[in-house]
Amino acid sequence: MLLPAAPVRFKNSDSEYRYRPDSELLYLTGWDAPECIALLRGFADEDRFVLFVPERDPEKELWAGPRCEPEEARTLFGADRALPLGDFADKATGLLAGGEGIHYRLGACEVCDRVVRETLRNGRRLRTRNGVGPWMLADPGTVLDPMRLRKDPAEIARMREAAGISVAAFEAVLGSVRGGMGEWEVEAALEAGFRSRGANGPAFATIVAAGVNGCTLHYSANSARIGADDLVLVDAGAEFDFYAADITRTVPASGQLEGARREVYEVVRGAHRAAVAACFPGGTLDGVHRAAVRRMAEGLVAVGILEGSVEEVLDKRSYRRFFPHRTSHWLGLDTHDAGPYRDRDGPVRLEPGMVFTVEPGLYFPPESNPGPPGLEGTGIRLEDDVLVTPEGAEVLTGALPLDLNELGESEGR
Ligand SMILES: [Mn+2]
């Protein structure tokens, strides 16, 4: 397997974004700096883990900080061998020659692309002579995705920290959301809350969506002013030691929610509760989604938004007009984390150590989907992060209230 470091990305001319390591390289090696290639030789008896690291360079180190000698890197990262990155093109083809195939994502790095093409060409030639040589190319995810699905205790500790920081930041901010504020002010306060508590920063682009903006699922401009009567949808999460949290709460700027919007809030609240109850070992994310969907259908019929029986609504999937997305995604190093949703036996069975979101939502965008009176421009989503445990499930973000009366409603802003 060949895993190159993620490239440095530029915001403009020579101004770099803060570096974010490649999740797969980080997962397997802990290397979190640019310019490195890990080469893993599962077929070999020696040099099974070779790390190619950048050479010492006083000029570059002046700008970007100190580097270590290959020997230091070898000890620090537990490699069998560490070599200068400059030797990669010469050495890699030989190191890869004994395998059946190469796990590598084409396009990840230019010099790796060249080495992989050459190794496969040589492998084909070797195979015609002595029957061995690499001739398969596979995505590293075919091996790593199922591994990343089950978090080990060290990963769970980081995810717990990311969740705790996120909850604390949300708690500090939600109660102060009110009409007249800019969405950007809520964003700034939340992200200050993440960073000041030791997080790397936000795990993904923070969404603060007032009123109709809440109907745009990935709204992230956060450039509107919050109206006095708006519901404000806040979807954000801290990244701690590269692991993500992902929370959504929807709060009324006025502090009070009444009428149809309150009824719909309670429907989403009920779907969230039903979905969390479906999280246990042996269950599936399809089952979690079905539980949320059934509760949504029941609620939408009871409130009078959808006609017909609950079974008809489920059969015709008419709830999808208002609940258009899935309930869950895996969560980990990536916000939408790696990991299969189905395998040969059907939906992946939940096991202790798996972490995912539960995030039912209802949306009534006024133009594309004219909704019932009183609900035009309403978007409500409630999202928490769930860890499957041997006994059932733990809501990692469960300390943050979901019920309106606990979300500062009674404070009468
Ligand atoms: Mn999410």
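Modeller: Domain bounds here come from an automatic or database domain assignment. By that assignment the chain splits into domain 1 (2-146) and domain 2 (150-411). This is a predicted model: local features need pLDDT of at least 70, side-chain atom pairs count only at pLDDT 80 or more, and totals for chains, interfaces and linings use all residues. Residues are numbered from 1 along each chain as its sequence is written.

Start with helix H7, residues 153-174. Helices (H or I, at least four residues) and strands (E, at least two) are DSSP runs, numbered from the N terminus. The expected span of a helix is 1.5 Å times one less than its number of residues.

Now its buried side. A residue is buried if 20 or more other C-beta atoms lie within 10 Å of its own, exposed if 12 or fewer, and partly exposed in between; C-beta atoms are placed from the backbone. In H7 the buried residues are Met159, Ala162, Ala163, Ile165, Ser166, Val167, Ala169, Phe170, Val173 and Leu174. An α-helix has 3.6 residues a turn, so residues three or four places apart point the same way.

What lies over them? The cover includes helix H8 (183-196) and strands E12 (238-240), E13 (243-244), E14 (247-252), E17 (355-358) and E20 (384-388). Contact means that two C-beta atoms, placed from the backbone, lie within 7 Å.

Next, the domain boundary. The C-alpha centres of domain 1 and domain 2 lie 38 Å apart. In contact across it are 8 residues of domain 1 and 6 residues of domain 2. On the domain 1 side, helix H1 (23-29) and helix H6 (141-149) each give two or more residues. H6 has the largest share, 4 residues.

Ser220 sits in the loop between strand E10 (207-210) and strand E11 (231-236). Ser220 is partly exposed, because 16 other C-beta atoms lie within 10 Å. Leaving aside neighbours within four places in sequence, Ser220 is in contact with Ala205 and Ile207. Ala205 is 15 residues from Ser220 in sequence, yet 6.4 Å away in space, C-alpha to C-alpha.
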